[in-house]
Amino acid sequence: MRRVTILGSTGSVGEQALQVVRAHPERLKVHGLAAGRNGVRLAEQLREFSPRVAALHHQDNAADAENAATEAGTEMITGQDGVCRLAADSTADVVISAISGFAGLRPTLAACRAGGILGLANKESVVCAGALLMDEVKASGVTLVPVDSEHNALYQCLLGESRAEVAQLILTASGGPFWDLEPGELHSVTPREALDHPRWDMGDKISIDSATLMNKGLELIEAHWLFGFPLDKIEIVVHPQSAVHSMVRFSDGSIKAHAGPTDMRYPVQYALSFGERWEDPGYAGFSLAGAEWRFEAPDEERFPCLSLARQAADQGGLYPTVLVSADEVAVEAFLCGHIGFMDIPHLVQNALEHLPPPYSRAKEPGLDDIAGVDEWARDHVQRVIMEM
Ligand SMILES: NC(=O)c1ccc[n+]([C@@H]2O[C@H](COP(=O)([O-])OP(=O)(O)OC[C@H]3O[C@@H](n4cnc5c(N)ncnc54)[C@H](OP(=O)(O)O)[C@@H]3O)[C@@H](O)[C@H]2O)c1
């Protein structure tokens, strides 16, 4: 029986991780659950799974979860420190890190200290603190298994291969719901249209990032840190069918591709069962006969977030944190109807261009610098939105 902790249990990946637990009751037991604001849903999860410990970031919403915790015999803790304490609990065998956004950074770093297996979905932590995170992974000996579907695919393609013989990592991108729109049409798309992803059912933030292609920019940086290849060895191709999750090209010209259904329960199960291959309970169908797969070059003019991510990655230091934090505020403002879709890249670019010294000169930032720049970028973008 593997004891599982899920950080972000009330979100899209978190709920799907719980579905995997339900599908394998003889092999998986929920050990810990952590959420942000949704105390009501967390309470339902505590009643169903009776974990040993649960954490809610926003203590003002904790009343329901505290009552449910008492009934379930669960230890309940609150606040960011509570989430990090739960993440670092070394009695879990596997931790799934699925908090959305920058908020996932400290809990993910804490989860490295739990040892065991870390199933990593929270890409923002890798983008903002790739060097710190990979150092922590090395020092702690935790086994990091990427859950982001593209990185999980790359991980599987690279197994048993020599790094020296890898010519290129090829990340696939669905292109999102607006891939076929003309540039002029992108200005008037609505949050509802942007949330309607053609292939994947995901949380709001990553759905908007998929529509702007910022998600692929973040994934480029994520792949760079997770697999240790330079940025110019990582290519992006748009593949609207999302059947091929990513590929590796080798020095002899062979390409290894990982394909499968567009369903996050597969990479989550891969992490939860790591080291073994458990049967597919039938989460989703996948048929090859009659399938037509298309691959196209990305269009960075129509989707400038991709080049902004490359630029931030090349600049390094604290620029990737500016990218993440500015994007988070801009996406939130778009979802609230305060700005248009194409304002998102403009706001991110504005923040990248205005990062002041000494932040702009930092080469190997620590956690405090990263937290400081997160705050700076949020304030900066909010100020620019107010002036718009
Ligand atoms: N969804 C996908 O298919 C997918 C695929 C690949 C990678 N990812 C990555 O996985 C991560 C999660 O994505 P998602 O789509 O599952 O997001 P989501 O549906 O928005 O869920 C986010 C989760 O994080 C929790 N959370 C937010 N702030 C928190 C805090 N300060 N402390 C503790 N928990 C907090 C939320 O709790 P409350 O709801 O209680 O506030 C919720 O459980 C993101 O980094 C995303 O890029 C997602």
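These are my notebook entries on a predicted model, kept in the order I looked things up.

**Entry 1: domains**

I started with the overall division. The protein splits into domain 1 (2–147), domain 2 (152–272) and domain 3 (316–387). I then checked how domain 1 and domain 2 sit together. Their C-alpha centres are 24 Å apart, and 25 residues of domain 1 touch 20 residues of domain 2. On the domain 1 side, the elements that supply two or more residues are β1 (2–7), α1, β5 (94–97), β6 (117–120), α6 and β7. I also sorted that side of domain 1 by residue type, and got 14 nonpolar, eight polar and three charged.

**Entry 2: the seven-stranded sheet**

Next I traced a sheet. It is open and has seven strands, in the order β4-β3-β2-β1-β5-β6-β7, with parallel pairing. Which strands sit at the edges? I found β4 (75–78) and β7 (143–146) there, each with pairing on one side only. Ignoring direction, neighbouring strands in this sheet are turned against each other by 20 degrees on average.

I zoomed in on one pair. β2 and strand β3 (residues 53–56) run parallel and are joined by four bridges. Ala34 is the residue I found opposite Ala55 in β3. A reminder to myself: strands of a sheet pair through backbone hydrogen bonds, either parallel or antiparallel.

**Entry 3: a hairpin**

For an antiparallel case I went to strand β10 (residues 244–250) and strand β11 (residues 255–259), which are joined by five bridges. Here Met247 faces Ala257 in β11. The two strands make a hairpin, with four residues between β10 and β11. In the turn I noted Gly253, which has a positive phi of about 95 degrees.

**Entry 4: around the ligand**

Then I turned to the ligand. How many residues surround it? I get 31, and the closest are Gly11, Gly36, Asn38, Met202 and Gly203. The elements giving two or more residues to this shell are α1 (12–23), β2 (28–35), α6 (123–140) and α9 (204–212). So far as type goes, the shell holds 12 nonpolar, 13 polar and six charged residues.

Which domains does the shell draw on? Domain 1 (2–147) and domain 2 (152–272) each give at least three residues to it. I see α1 and α6 again here; both were also on my list for the side of domain 1 that touches domain 2.

**Entry 5: two helices**

I looked at how helix α7 (residues 149–158) packs on helix α10 (residues 214–227). The angle is about 35 degrees, and the axes are 10 Å apart. The crossing is right-handed. From α7 the contact uses Glu150, His151, Leu154 and Leu158, and from α10 it uses Glu219, Glu222, Ala223, Leu226 and Phe227. Sorted by type, the contact residues come out as five nonpolar, one polar and three charged.

Two last spots went into the notebook. Leu213 has a phi near 70 degrees, a positive value in a residue other than glycine. I located Leu213 in the loop between α9 and α10.

The other spot is the peptide bond from Pro357 to Pro358, which is cis, with omega near 0 degrees. Pro358 belongs to the loop between α14 (343–353) and α15 (367–387).

Technical notes
Residues are numbered from 1 along each chain as its sequence is written. This is a predicted model: local features need pLDDT of at least 70, side-chain atom pairs count only at pLDDT 80 or more; totals for chains, interfaces and linings use all residues. Axes are lines fitted to C-alpha atoms, for helices over the stretch in contact, and angles run from 0 to 180 degrees between N-to-C directions. A crossing is left-handed if the near helix is turned anticlockwise from the far one by less than a right angle, and right-handed if clockwise. Two residues are in contact if their C-beta atoms, placed from the backbone, lie within 7 Å. Ala, Val, Leu, Ile, Met, Phe, Trp, Tyr, Cys and Pro count as nonpolar, Asp, Glu, Lys and Arg as charged, and the others, Gly among them, as polar. A residue is near a molecule or strand if its C-beta atom, placed from the backbone, lies within 6 Å of it. Domain bounds come from an automatic or database domain assignment. Two strands pair if DSSP finds at least two bridges between them.
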